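Subject: Structure for your review

Dear colleague,

Please find below the structure that I am handing over to you. My notes on its aromatic rings follow.

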Amino acid sequence: DFGGFQVGGHYAANDVEGGGDADSYGGGVAFADLFGTGNEFGVYGAVQPSENTDPLIVEAYYQINVNEFFTFTPALIYADNDTAGDETDNLYGALRASFNF
């Protein structure tokens, strides 16, 4: 956390039965109070654990602080399956609502 700027990441090493690795890793950034107090814009990406491929997922979101009890977060998610026989790229939208009480 660098004031209004946050950086995060992870790495996980996973052994596969019979030999090999299925490691996963990811990272992201977030900007607090962007275009309004309590709002946040963030982007993160990760490679999911897989033995022979690198399935990728990337999400960009903007959390809107409606009031002290409710936030609304639209997000855009990109997924590259990169699995055997499926080279499909997918784009998704998500709407999240959070209630705090």
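Phe31 has a relative accessibility of 32% and counts as partly exposed, because that value lies between the cut-offs of 20% for buried and 50% for exposed. Please bear in mind that this is a predicted model.

A pair of aromatic rings is described by the distance of the centres and the angle of the planes. The count of aromatic pairs here comes to four. In one of them, Phe5 and Phe31 lie 5.1 Å apart from centre to centre, with 45° between the planes, and the pair is tilted. Phe5 is partly exposed, at a relative accessible area of 29%.

A further pair is formed by Phe70 and Phe99. Their ring centres are 5.1 Å apart and their planes meet at 40°, so this pair is also tilted. Here too, distant parts of the chain are linked, since Phe70 is in strand E5 (residues 70-80) and Phe99 is in strand E6 (residues 89-99), 29 residues apart.

How exposed are Phe70 and Phe99? Phe70 has a relative accessible area of 23% and is partly exposed, whereas Phe99, at 59% relative accessibility, counts as exposed, because its value is over 50%.

Finally, ring pairs join Phe5, Phe31 and Phe41 into a cluster.

Yours sincerely

Note on methods: Residues numbered from 1 in each chain as written. Predicted model: local features only at pLDDT ≥ 70, side-chain atom pairs only at ≥ 80, totals over all residues. Heavy atoms only, no water. Phe/Tyr/Trp six-rings, centres within 6.5 Å; stacked < 30°, edge-to-face > 60°. Buried < 20%, exposed > 50% of the residue type's maximum accessible area, 1.4 Å probe, protein only. Helix = DSSP H or I, 4+ residues; strand = E, 2+ residues; numbered from the N terminus.
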